[in-house]
Every structure is written in C-alpha cells, then in structure tokens.
Amino acid sequence: MVRSVCPSVSQCPRTRPGAWQSPANTPTAQGTGSPIPALRLPHCQRVSTEGVPHCQRVKKMAERPEDLNLPNAVITRIIKEALPDGVNVSKEARSAISRAASVFVLYATSCANNFAMKSKRKTLSASDVLAAMEEMEFDRFITPLKDALEAYKREQKGKKEASEQKKKDKKPESEEHDKNKEDENEDDTEGVKMVDDDQKETENEEEEVEN
Amino acid sequence: MEEMESGATAAAEPGQSLQLEAEAERPGSAPLQHKLLRLPLSRIKGLMKADPDVSLASQEAVFAIGKATELFVEVIAKDAYTSALQGKRKTIQRKDVDNAVDATDEFAFLEGTLD
C-alpha cells in the first residue's frame, strides 16, 4: 500500500487508525458548498465525485494508478496461462491489461453495490456480484463464477471446521485422532489457498494429488 | 485434462477450463491450475474500498469480484491475442489490447481509462 505524503495526515482516513467511513461522515463532507472529496484517498489525491454518474466516477477513480494496481506477477501469470505457449506479451500490453483489470474491479464493485443498495443492504454479497455480471453483460462469467463460489464456500467451511476441531480437542488422548482429521481437512483446503507463495504451494499440491 | 498443459485449450470455452479449475481439488484430477483464486483477496478488497459508497463486503463478495476479474483478464488477453494473430504477430502489443476493447461492447466501460 502506498503511503503518500499528505499535508493533513492526522485527518487523512488512509493513515488515521480506525474504521473506513463513508464520506458523509468525514468532517470535510458537511455542506461546505465546495466540491466534496469523496474518495478514501489522501487529501492531496482526492477527486471530487459528488453527483457524478458511477461510470464516470470509476474513470476518475482509475486516474490514480499507484493506488489501484493489482500485483503484476499475478496478472502476468493469468495472462500466460490463458494463452498458448510461445506467445509473448509486451510490457505495455501487460500494463494495459492490468489497468483494465483494476477498472473492472471498480466498475463491478460499483455495479454490485447498486444491487445491494436496491435491497437496502449495506453489505455487498456474492449474489450482488452475480447480478452485476449480468448487468454488465458478462453472462459468460456467471456459471464459472457460481462454480468457483461453491468451491470457495466448501473450502471456507472446511477451514472453519478444522479450526473448531483444534479448539475442541486439546486433550492429549485425542491429539492423534485430531491429526488424522486435520490431514484430511488439509487435503481439501490446501488446494484452494491463495496468495503470494503460490509457487511453493503449487508444487506441494501437485505431489499430493498425484499420490 | 492433460490438454491444459499443452495449451491446446487456449481456444476452448472459458467456462470449460474454469470448471476444471474448480473441480481440480479432488485427488486424481488434473493438478494444474487448481488454485481457486490467484489474485490476493486483500488487494481486491482494497480496490473495492476506493468506492465511497461501499461500506462493507462479505468475504464471498470479495472472492467473487476477484474471480470475475481473473476471468476478465483471461478474456481480454485472448481477445488481444486474436488481434495479434490478425497482425501476424506472436507478441501481443498495446494496440492489440486497444483493438480488443474496441471490438467488444462489454468492454465499453474501459474506454478512456487505459491511458
């Protein structure tokens, strides 16, 4: 995360400890008549978005690339895995695709949020995201997304049960019994761990699956 | 299943290759691409928070956005590749990405954001 040098660091929501607040609650948002900085960005980088349609807001939000990037290595990997071997991607093309991906997140989030607001909910749900995909005319994403969500829910459930088991059976007698259960759970859940040491985990998982 | 390794399924339906991805948790199925999500949830969440109207998002919602984004990257990469092929090139260039955006209605939201 970029730590910008901001003149009013103490007021800046990015550096101030505490919860994320809607701009309506921030001190500067109370009826001043001047353009209200609505984004959760340092004051020096804020863009006024009051009263602007959400697709244009997304474009404004996308003007700050340093803050809105996805990890280049991961993007590159996804691109490579989608293409046949031997196909190269120029740096500029990769950067453009990465940028596009960030904009996609912003736009999809905004769209999903509209659905949540329509249902008078403050928390975005997976169904809001699915509705957003349909709205954005990405129907082709809906089935694979639903499948992935099912798998994700199973993984989360498995993880939860595994940690509950650990909490329950701390007695020495049941430790061995526990180990067996944990191993079973690990086989199910390890495959769906995400994030940075992915290469290491991929190698391990391949070995396990082959066994 | 082994097609995934040779890259021959690059032209396959996106849904198909992704179902393999989701199913590959089961032992005995193809080990490649069995990661459910490659993008880090924390970064996705950070991006979502850039929107002032968004207060909270369930973990599933963050995952769904992340997964949709991965699908999106795959689609745009493939479309850009098509453009490169038409230009008889094996290297995808920035103009191929631009062409991909211009060629698809669903990518209209990207106009003006990539510069």
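1. In chain B, residues 24 or more positions apart make up 41% of the contacts with a separation of 6 or more, a contact being heavy atoms within 4.5 Å. The corresponding share in chain A is 44%. This is a predicted model, in which local features need pLDDT of at least 70, side-chain atom pairs count only at pLDDT 80 or more, and totals for chains, interfaces and linings use all residues. Residues are numbered from 1 along each chain as its sequence is written, chains are lettered from A and ligands numbered from 1 in the order in which they are written, and side-chain values use heavy atoms, with hydrogens and water left out.

2. Chain B has 5 helices and 2 strands, in the order α-α-α-β-α-β-α. Helices (H or I, at least four residues) and strands (E, at least two) are DSSP runs, numbered from the N terminus. Of its 115 residues, 57% count as buried, meaning under 20% relative accessible area, with exposed over 50% and partly exposed in between (1.4 Å probe, protein chains only). The accessible surface of chain B is about 5,000 Å², and 48% of that belongs to carbon and sulfur atoms. Such areas come from the Shrake-Rupley method with a 1.4 Å probe; for residues, only the protein chains shown count as cover.

3. Chain A has 7 helices and 2 strands, arranged from the N terminus as α-α-β-α-β-α-α-α-α. Buried residues are 43% of its 211. Its accessible surface is about 12,100 Å², with 47% belonging to carbon and sulfur atoms.

4. Confidence in chain A needs attention. The average pLDDT (the predictor's confidence in each residue, from 0 to 100) is 71 for chain A, and 51% of the residues score at least 70. Within the chain, helix 4 has the highest confidence, at 98, and helix 7 (residues 198-210) the lowest, at a mean of 43. Residues 12-49 of chain A have pLDDT below 50, yet this stretch has 72 contacts in the model beyond near neighbours in sequence. Residues 183-211 of chain A also stay under 50, with 40 contacts beyond four places in sequence. Where pLDDT is low, the predicted coordinates should not be read in detail.

5. The largest nonpolar core has 71 residues, and those with the most contacts inside it are Phe104(A), Met133(A), Phe72(B), Ile76(B) and Leu110(B). Elements giving two or more residues to this core include helix 3 of chain A and helix 5 (94-103) of chain B. Helix 4 of chain B gives the most, with 15 residues. A nonpolar core is a set of buried Ala, Val, Leu, Ile, Met, Phe, Trp, Tyr and Cys residues joined through side-chain atoms within 4.5 Å. Leaving out residues up to four places away in sequence, Phe104(A) touches residues including Met133(A), Phe141(A), Ala68(B) and Phe72(B).

6. Helix 3 of chain A (residues 91-118) has 28 residues and reaches 41 Å from its first C-alpha to its last, close to the 40 Å expected at 1.5 Å a residue; the expected span is 1.5 Å times one less than the number of residues. Of these 28 residues, 21 are buried. Just after this helix, Lys120(A) takes a positive phi of about 60°.

7. Asp128(A), in helix 4 of chain A, is buried at a relative accessible area of 3%. Among the residues it touches are Phe115(A) and Arg121(A). Asp51(B), in the loop between helix 3 (41-48) and strand 1 (56-57) of chain B, counts as buried because its relative accessibility is 1%.
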